[in-house]
Amino acid sequence: MNKYFTAFIILVLSFFYIFFSNDSGGGRVFVNLLTFAGIYGLAAIGINVHFGWTGLLNFGHAAFMGIGAYTTVLLIPHSLGREGVVISTGLPLPLAIILGLIASALLGLLLGLPTLRLRGDYLAIVTIAAAEIFRLLVRDFEDLTGGVYGIIQFSDSLQNSRPDFITQFSENYNISSAQLWVGLLTWFSIVFVLIILARLKKSPWGRALRAVREDEDAVRALGKNAVLLKLQSFMLGAAIGGLSGIFLVFNYGTVQASTFVPVLTFYVWAALILGGVGSLGGPALGAVIFWVIIAGTDTISRFLFESPDGQQLAGVRFVIVGLLIMFCMIFKPSGILGDKEELLLDVK
Amino acid sequence: MSNSILSVKSLKKRFGGLEAVNVDSFELYEGEITSLIGPNGAGKTTFFDLITRFQSADSGSIFLNEKNVTKLNSYKLARLGMVRTFQLTRVFDRMSVYENMKFAGSSIKNEGFLKSLIQTKTLKQQEDHLNVKIDETLKLLNLIEMKDSYARELSGGQKKLLELGRSLMKNPKILLLDEPLAGVNPKLSEELLEIILNLNSQGINILMVEHNIDAVMKISKRVVVMAEGKIISDGKPDFVRSDQKVIEAYLGSSDD
Ligand SMILES: Nc1ncnc2c1ncn2[C@@H]1O[C@H](COP(=O)(O)OP(=O)(O)OP(=O)(O)O)[C@@H](O)[C@H]1O
Ligand SMILES: [Mg+2]
């Protein structure tokens with residue numbers, strides 16, 4: 001069966017699922033899922049540049065997402081911390097976003113410079129550690145980040161740009177206009193990022209990355225700077241991660257120390273593996289499937305517990321996503337859109 | 001005697017207690033085909049790794065055309081025209097033979113991130129001009145039929161040839177070949193020797209590690225013998241062949 005056909009069937013089924021499994025307003029659930037799927041999809045696209053294109057193992061994506069988000073949010077008007085100190089001045093949002101992306105890319109540079117010269121596993125370890133350090137720093141530097149109380153009231157910068165017809169549409173269909181706007185922007189960004197990536201993928205630069213993924217030493221022997229290529233790829237994927245982090249916090253409307261936790265990275269990887277490593281659209285599709293499954297696990301939780309609390313929901317999610325990845329790796333290791341030849345879990 | 005283009009001084013490399021390479025002095029002279037032979041584990045590949053900077057020497061210095069390159073990055077050395085192949089072939093498995101060749105030949109400028117992002121028309125044109133040379137080289141190496149196959153579909157010997165072809169796309173001044181004939185069938189080996197001679201006559205200097213002693217004696221102008229990390233003999237093929245030390249350490253007495 002054609003893989004695009006498979007993807008199409010899965011998408012159609014998920015749509016049906018979403019609309020008929022919820023009595024409390026299918027539209028609302030639909031927009032919620034699609035927004036989260038877009039955000040995770042964008043994040044997975046970033047990891048795909050790292051792993052699928054270049055063979056780099058990044059297990060600290062939450063840090064790249066987080067630093068982009070915090071940078072952007074802190075640069076626009078917001079209210080901070082336990083006391084809710086209001087900061088009413090700030091940069092225009094587009095500029096703040098660009099600086100956020102730059103911050104993510106710079107974190108990529110910082111982590112990449114010392115590790116990308118070494119064997120692949122070092123990067124994996126350093127990124128895991130960096131994500132945890134980032135989370136702890138955010139938690140403990142309360143003056144800057146608001147710590148566990150976080151940052152609130154920054155959404156206006158984005159929501160002010162929401163066109164009236166979106167608001168109108170949302171009212172008609174009883175969905176959250178703010179979330180719809182974030183979701184739409186996220187998916188627009190995905191299209192935009194994918195257009196750029198499609199261009200890069202078939203460019204000499206993209207080819208060079210593939211060569212690095214295959215055999216770094218051979219790349220060097222041909223006079224090409226493999227470390228530079230890896231660094232560029234790492235920074236690009238980090239910036240894409242930053243963008244997804246920005247949308248994530250605008251979707252929540254708040255950001256605090258618990259927003260960018262390691263499990264976020266795990267879920268993004270899950271989306272990537274489901275969709276297919278290496279393919280362009282795979283990660284986004286994988287994220288849609290992932291979120292449909294998450295919605296499904298919440299239904300299961302309601303069977304298991306009378307009224308599941310957050311912890312129970314998360315626990316069931318965790319187990320089911322883990323099982324799912326296992327099954328996926330056993331029966332369809334290339335993911336749904338992935339090329340069988342693409343997935344080789346060997347890291348140079 | 002012609003000019004020395006590559007010059008190595010007291011190069012040392014240890015692996016724990018093992019002295020893998022301990023070369024007092026080694027020169028590669030312009031225009032020659034030089035072969036490096038010696039028993040398994042003599043340190044030939046390690047020596048290649050050291051002079052191409054894929055490994056760092058513990059001490060010693062390396063000069064390429066009088067320029068001190070002891071601390072240079074491996075990719076920069078390759079840009080200076082010293083290109084190597086690997087004993088264990090390294091082709092880009094999930095790229096086609098054609099792509100392998102094209103990547104090798106493409107200019108570093110075109111591979112720049114920004115240039116690839118903006119992608120001007122000339123980029124494509126600059127890539128297209130490689131096609132002629134790719135076809136030429138693939139024909140020369142009997143690989144033209146495999147042009148569109150994935151590199152991983154090639155046989156072991158064909159991969160060796162592809163690696164050589166890829167190196168040729170770099171227009172090297174010095175070509176370091178680590179066992180180019182290993183796994184290549186006799187008929188093709190003959191042809192390959194012709195090709196190597198031909199490349200040499202076009203001005204490419206060749207240093208080759210090879211265990212096929214007949215081939216070595218046939219095409220080399222000079223043979224250097226290593227054993228246990230040291231150079232034990234160095235000279236014309238005839239001289240080396242009858243050198244008692246070489247017979248003991250490598251050739252064995254039945255050979256003569
Ligand atoms: N990375 C390494 N770590 C430890 N020992 C090594 C390493 N690489 C090589 N050696 C040792 O160094 C010595 C020289 O190895 P080298 O590969 O250079 O031999 P060679 O002359 O190329 O042999 P062959 O003809 O079999 O290819 C061997 O004894 C080998 O065991
Ligand atoms: Mg060897």
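## Domains, ligand site and chain interface

In chain B, the centres of domain 1 and domain 2, taken over C-alpha atoms, are separated by 28 Å. The model is predicted.

The contact between these domains draws six residues from domain 1 of chain B and six residues from domain 2 of chain B. Together the two domains bury about 480 Å² between them. Carbon and sulfur atoms carry 70% of that area. On the domain 1 side, B:R79, B:V91 and B:I195 lose the most area to domain 2 of chain B. Those three residues make up 68% of what that side buries. As for the bounds, the domain assignment of chain B gives 4-91 + 172-251 for domain 1. Domain 2 covers 94-153.

Next, the ligand. Ligand 1 is surrounded by 14 residues. The closest are B:N40, B:K44, B:T45, B:T46 and B:H211. By class, the shell divides into five nonpolar, seven polar and two charged residues. Which elements of chain B each supply at least two residues of this shell? They are β2 (18-29) and α1 (44-51). The largest share, three residues, comes from α1(B).

| Residue | Protein atom | Ligand 1 atom | Distance |
|---|---|---|---|
| B:T45 | polar side-chain atom | oxygen | 2.7 Å |
| B:H211 | side-chain N or O | oxygen | 2.8 Å |
| B:A42 | backbone N or O | oxygen | 3.2 Å |

Taken alone, ligand 1 exposes 630 Å². The protein buries 63% of that area.

Last, the interface between the chains. Here 29 residues of chain A are in contact with 32 residues of chain B. Chain A and chain B bury about 3,000 Å² between them. Of this area, 58% lies on carbon and sulfur atoms. Which residues of chain A lose the most area to chain B? They are A:R207, A:L222 and A:K224. Together these residues account for 23% of what the chain A side buries.

Key: Residues are numbered from 1 along each chain as its sequence is written. Chains are lettered from A and ligands numbered from 1 in the order in which they are written. This is a predicted model: local features need pLDDT of at least 70, side-chain atom pairs count only at pLDDT 80 or more; totals for chains, interfaces and linings use all residues. Side-chain values use heavy atoms; hydrogens and water are left out. A residue is near a molecule or strand if one of its heavy atoms lies within 4 Å of it. A polar contact is a pair of N or O atoms within 3.5 Å; within protein, one must be able to donate a hydrogen and the other to accept it, and residues adjacent in sequence count only if both atoms are side-chain atoms. Accessible areas come from the Shrake-Rupley method with a 1.4 Å probe; for residues, only the protein chains shown count as cover. Helices (H or I, at least four residues) and strands (E, at least two) are DSSP runs, numbered from the N terminus. Ala, Val, Leu, Ile, Met, Phe, Trp, Tyr, Cys and Pro count as nonpolar, Asp, Glu, Lys and Arg as charged, and the others, Gly among them, as polar. Domain bounds come from an automatic or database domain assignment. Contact means heavy atoms within 4.5 Å. Buried area is the accessible area (1.4 Å probe) that two parts lose on being put together, summed over both.
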